[in-house]
Amino acid sequence: MLNLPQRLSLAQRNTPLQFLPRLSSEVGCNIWVKRDDMTGCGLTGNKVRKLEFTLHHALSEGCDTLITCGGVQSNHCRATALLGAQLGMKVHLVLRGGPAEAEGNLLLDKLSGAEISFYPPREYIPNLAEILSHWKSHYQAQGNKAWVIPTGGSDGLGLWGYISCAHELAEDIAQANIKPAAIVSASGSGGTQAGLTVGVADAIGPELQVIGMAVSDDSAYFVNKVKEDIDDWRRRYGFEDVAWLDALNVSVNADYIGPGYGVAAQPVFDTIKRLAKLEGILLDPVYTGKAFHGLLSEIEKGRFAAGSDLVFVHTGGLFGLFAQREQLGLA
Ligand SMILES: Cc1ncc(COP(=O)(O)O)c(C=O)c1O
């Protein structure tokens, strides 16, 4: 099995693999959830797993400042902001959209004391690289050393986070004595899927399919992005000539994006309510709600044999639910 490089110990690990008895009996497949929404309270979700490796690297490079970017309700930015506070580092967030009301993730960004710059999408999208490099130089001129973390923490460094999760999954699956038909998770910037794709092939076997449920762009975009992250990881760590990595299968389902990134249709909110009521598990409308809705829809369409074991990796995102509470229709 791949040896993990050094990391900081920031996430609550190992997370449980939980069986959902009531939902499973309703849908006719055995649904298991890898509870990565339990990696930490403020840190909930997948980002902290990647940041354990990324921040270890940043500190080893002598950095005292973190710069990263994302949407106004970015879970990755919130996790970076809180971890920066935990480690005594400065954090500067470059956010797409806003200024917006401080709620959900943005409220926590502000509480953590992160510096925040808002850019309208028409400026942010074409100029992101320049904006990040501007802020890096700004901190350099002040005598600080900044590490720039890409969108979602998805690159060859962060990829280790979900290789490590796949190693845990191998143990979970052996302990539960199951043979899953697929591992399913949400894909936003691709790093989680990239890490799982490598890690599952490494620790469980290449025949076990990892399916990324796209929440924004189309399938071609994600296949390309996941492969880019894997290539970046191979270059950084000297795995270019490892033959089994050439044969990895990247599987993306882009049928459940709905109206667009961050915007979900009513069935996603219905799925969120269904899971909360049936199993006491909370999903969000941007990532996990869409992906889980996609999984249930695929089961309904007969994509998996009745009685199959299916593992959903719950990547967190709870604070995004508060930012869209009106759509739940519960007031
Ligand atoms: C809650 C949540 N789930 C899933 C994802 C997708 O992970 P990735 O960006 O690694 O594709 C993200 C971030 O984009 C997220 O915040």
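A crossing counts as left-handed if the near helix is turned anticlockwise from the far one by less than a right angle, and as right-handed if clockwise. I noted that first, for the helix pair below.

**Entry 1: the model.** I am working with a predicted model, where local features need pLDDT of at least 70, side-chain atom pairs count only at pLDDT 80 or more, and totals for chains, interfaces and linings use all residues. I number residues from 1 along each chain as its sequence is written.

**Entry 2: α2 against α6.** I looked up helix α2 (residues 47-60) and helix α6 (residues 160-176). Helices (H or I, at least four residues) and strands (E, at least two) are DSSP runs, numbered from the N terminus. The two axes come within 7 Å and cross at roughly 120°. Axes are lines fitted to C-alpha atoms, for helices over the stretch in contact, with angles from 0 to 180 degrees between N-to-C directions. That angle makes α2 oblique to α6 (under 35 degrees is roughly parallel, over 145 roughly antiparallel, 65 to 115 roughly perpendicular, the rest oblique). I record the crossing of α2 past α6 as right-handed.

Which residues make the contact? From α2 I list R49, K50, E52 and F53. From α6 I list W160, G161, Y162, S164 and C165. Contact means C-beta atoms, placed from the backbone, within 7 Å. By class I find 4 nonpolar, 2 polar and 3 charged residues (Ala, Val, Leu, Ile, Met, Phe, Trp, Tyr, Cys and Pro are nonpolar, Asp, Glu, Lys and Arg charged, the others, Gly among them, polar).

**Entry 3: the domains.** I find the chain divided into domain 1 (17-45 + 155-328) and domain 2 (47-152); such bounds come from an automatic or database domain assignment. Their C-alpha centres lie 25 Å apart. Domain 1 puts 24 residues into the contact, and domain 2 puts in 22 residues. On the domain 1 side, α6 and α12 (318-322) each supply at least two residues. I see that α6 gives the most there, with 5 residues. That side of domain 1 divides into 9 nonpolar, 14 polar and 1 charged.

**Entry 4: the ligand.** Where does the ligand shell lie? I place the shell between domain 1 and domain 2, because both give residues to it. I have 20 residues around the ligand, and N75, G188, Y287, T315 and G317 come nearest (near means a C-beta atom, placed from the backbone, within 6 Å). I note that α3 (75-87), β7 (182-187) and α7 (191-203) each supply at least two residues of the shell. The largest share, 3 residues, comes from α7. By class I get 2 nonpolar, 17 polar and 1 charged residues in the shell.

Definitions and conventions. Two residues are in contact if their C-beta atoms, placed from the backbone, lie within 7 Å.
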